[in-house]
Amino acid sequence: MTDQLKRAIHEAKTAKTTSNPTDKAGASSEEQNFDMSESTYKTTHTAVRKARRFAMQGLYEWLVTDRRFETTDKLGWKDNAPHDIAARTRATNAMHTVHIGYYHEMMRDIPEQIETLDALIEQHLDRKVEQLDTVEHAILLIGAYELQNRLEIPYKVVLDEAMKLNNHFGATDAHKLINAVLDKMAIDLRDLEVQADIKANRRSSQKAAAPAAQPQPQTTDETKAVTNADDNSETPTTTGKPRISANKAIKRPRANKAQANISDYRASKKASAQGHNEAAATPTPESTAADVGLHDSNLVNSDEKSKD
């Protein structure tokens, strides 16, 4: 470590001992409990998400250093404890928007429970934990820790946050492995919550499918006749006029100039034709007189012939 980091760590330790002189011989830093609901820390969802990100980076650093040396029996190389990583992170980063309590909790509890968490992860793997990518291993450790110890966080939130960590730090196709492992782990650790969620989804799907599955009423000839009779029946009103049903569509004639012109033309043609026929049928005065004379002459001739 550099001299600046050492001075920052030393100042933080001295400030803590001077502020709490009575607790100097009390519980060590490993026995401190950090509560997510403490008012001295940022407790929003964004602050918790940032705490996960810093914890993932800290766990990655610890996995490639002290944890790797421990698994390879190189204990003499161990010189990067999780609390030193957390101190360096706080000294070199702006942590005022991070949930500091939850960050310290994960950096303390996950290394302590590493054996148990690795056993939970390995149950749903087709390989050894050591063969995992270090970023994927750190993300799975955080997800397994939250599923087992943070029951107030819904399992869907745990899976969603793990996907966000992978999108930010992991490989392209690593989300398939992380999602599959955490999904199976949620069934084992959060069985009641998963079953309740499945039942709720089933009920919502049944309610959505119920209106579409209702049979349509079959209309017979009798019902059609009754409905037609009801539609045709017009009940009189107080004014004596028949009541117009709202279901009946009243078609009103629309004025059309072209049709009006055609009808007027036809009427004029018909009237002119009728006048011409009447004029041809009525006799003139001259023709009537000639006809009468002819008839009279015929009558006289016939009388004279009878006399003869």
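Author: Happy to. Let's start in helix 2 (residues 45-71), where Arg 67 and Glu 70 both sit, three residues apart, or about one turn of the helix. Helices here are DSSP runs of H or I, at least four residues, numbered from the N terminus. A word on the source: this is a predicted model, where local features need pLDDT of at least 70 and side-chain atom pairs count only at pLDDT 80 or more, while totals for chains, interfaces and linings use all residues. Residues are numbered from 1 along each chain as its sequence is written, and side-chain values use heavy atoms, with hydrogens and water left out.

Back to our pair: Arg 67 and Glu 70 form a salt bridge, with their closest N and O atoms 3.8 Å apart. That term means a side-chain nitrogen of Lys or Arg within 4 Å of a carboxyl oxygen of Asp or Glu. Arg 67 counts as buried because its relative accessibility is 11%, whereas Glu 70, at 32%, is partly exposed. The cut-offs are under 20% relative accessible area for buried, over 50% for exposed, and in between for partly exposed (1.4 Å probe, protein chains only).

Glu 70 has another partner too: Lys 78, with the closest N and O atoms 3.7 Å apart in that salt bridge. Lys 78 has 37% relative accessibility, so it counts as partly exposed.

Note on methods
Helices (H or I, at least four residues) and strands (E, at least two) are DSSP runs, numbered from the N terminus.
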